[in-house]
Amino acid sequence: MKVPGSKALIRYLTIYGQILGFTLKSLLEYRLNFFLQLWYGPAYVAVLFMIMQTVFTKTPTLAGWSKVEVTILFATFHALYTFGIMLFGKTIRHYLSEGISSGEVDWVLLKPLRPQFLLTFSRPELQHVLLVAGAVGLFSHAVGQLSSAPLLSQWLGFSWMLVMGLLIVYFSLSTYMTLGFMVTRARQVIELYDKTSDYSQYPTPIFPASIQIIFFTILPTAFFGYLPTLFLLGKGSYYWPILATLTVVIFAIINQAAWKRALERYTSASS
Amino acid sequence: MQKYLPVIRIGVLDALEYRLDLALHLIKYALAIVMMSLVWLAVARQNSQLPLDQNQIISYFLGAAILYSLSNFHTDYIEQDIRLGGISKFLLKPISSFWYYWSFQFSQSGLETAIKIVTMTPMVLLLAQAVVPSWPQVALTILYLPVIFTFSFTMLITISSIAFWFNEAWAIRWSLNIFFRFLAGMFIPLSFMAPYWQHILWWLPFTHLASTPINVMMGTLSLAQGLEGLLILLCWLVAITAVQRLMWQRGLKHYESTGL
């Protein structure tokens, strides 16, 4: 039995595999540069980790979360978000900052592929692989320190929430990317998104209610770490996976409408 | 020095060309630091023994947000000039590459800081219910501003000089910059750290890029301590300038550009 759309999905996954291959080869062309680039992400996250450690020298819990629990949240957020940034973050950053305004989109529109695919996935940032691996290592270590191991149902809920979280990162970021079609310089949009996302490594309830609302809607960073971890620690309600799935559907609809409008609006001259 | 004034003017015009972009850029860093203050406020609600009370935490981080642009910027355009041969123009003309780049960066960082002083100072006074600082405190803090900027710029151009030897100096610069921000007290008031760390950090330049001037304004450091901090920073400025000159001269001997 053939699943509708499976042929197209396999085609795009094959192309993406080839893009990953080309990217890796071009990165390995200058090995010393690649080696240096591997370290800037871990250096940044190491500082964020030191800040978190300092926080726990002043208090045993943060909004009811212990140090081990916040470490799991920290690692979950950095693994998920960095993985997303590795897959599509650099491409979005590139087109938002200069690709759209310089008319590079012309070349994308000429290719027999969905423009959104090429405009969001054509430049993976494999330099983040070390950071993702480090975050996964920290996660495993912290989970091992929990007093009781999570149940299978908690792992399943956590995994589902991670997949939903990754989709929400993609749909929200690529929706904001369409602003690049409306204004000449919109690079700071992704930078603002990036900087705010850093705070999803802390339990969302420590922030005022107004900011929590933003973290569940406009900048849905609560889905990147807080909600999946809540589920893993057995603190989450079974309504959360349903809410996350609905959020993905809503973001996907908004995303497709924004892209349709953005591509219709696109113009370029002498690019 | 007069020949660098047009560079400052062009730099300001360049920054104001895309005003929405500039506004978002300012909001981005200010928001990141204000969010950090919310984390520490959550800690303060659970621990009343912190060295700063809740109002002082708000004052501290709003102060950090104001000073941020003076020491946190990206000198990637210098690395690009080294890589792509843009340095050649300084070798042929009677202008100093250091002062040209300094003027350009000063226009951008100075403008951003001026905007933040105007917009955020009332927030410090209203939100944090901060005590209005005395004139000597204000005067000492103003003295700090050009030294903070010049030290940070010299340090970053020194790191960017690595581009004479490696293509991707940005990865090193980014990694070091985040550590400098941490050591400057942008994310953690340094009084929250253990006393021996505070003692070591006092003799390094980074504390005096943010923590010391903010504490002088808040009155948690005396004017004498503030002056001592400024002198330490000036000594480090002399040292980093010597390193920068040496690296730039060596880099220029290594530099080559073809077909420009």
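How many salt bridges are there between chain A and chain B? In this predicted model, the count between the two chains is zero.

The contact itself draws on 36 residues from chain A and 35 residues from chain B. About 3400 Å² of area is buried between chain A and chain B, with carbon and sulfur atoms giving 75% of that area. On the side of chain A, the residues that lose the most area to chain B are A:Lys58, A:Arg185 and A:Gln188, which together account for 20% of what that side buries.

Confidence was examined for chain A. The average pLDDT of chain A is 91, and 97% of the residues score at least 70. Among the elements of chain A, the highest mean pLDDT, 96, belongs to helix α6 (residues 129-144), and the lowest, 85, to helix α8 (residues 187-197).

Within chain B, the packing of two helices was considered. The axes of helix α3 (residues 54-71) and helix α6 (residues 97-127) of chain B come within 7 Å and cross at roughly 170°. An angle over 145 degrees counts as roughly antiparallel, so α3(B) is roughly antiparallel to α6(B). From α3(B), the residues in contact are B:Asn55, B:Ile58, B:Ser59, B:Leu62, B:Ala65, B:Ile66, B:Tyr68, B:Ser69 and B:Leu70. They meet residues of α6(B) including B:Ser109, B:Glu112, B:Thr113, B:Lys116, B:Ile117, B:Met120 and B:Leu127. By class, eleven nonpolar, six polar and two charged residues make up the contact of α3(B) with α6(B).

How values were computed:
Residues numbered from 1 in each chain as written. Chains lettered and ligands numbered in written order. Predicted model: local features only at pLDDT ≥ 70, side-chain atom pairs only at ≥ 80, totals over all residues. Heavy atoms only, no water. Axes fitted to C-alpha atoms, helices over the stretch in contact; angles between N-to-C directions. Helix = DSSP H or I, 4+ residues; strand = E, 2+ residues; numbered from the N terminus. Parallel < 35°, antiparallel > 145°, perpendicular 65-115°, else oblique. Contact = heavy atoms within 4.5 Å. Nonpolar A, V, L, I, M, F, W, Y, C, P; charged D, E, K, R; others polar. pLDDT = per-residue confidence, 0-100. Buried area = accessible area lost by both parts, 1.4 Å probe. Salt bridge = Lys/Arg side-chain N within 4 Å of Asp/Glu carboxyl O.
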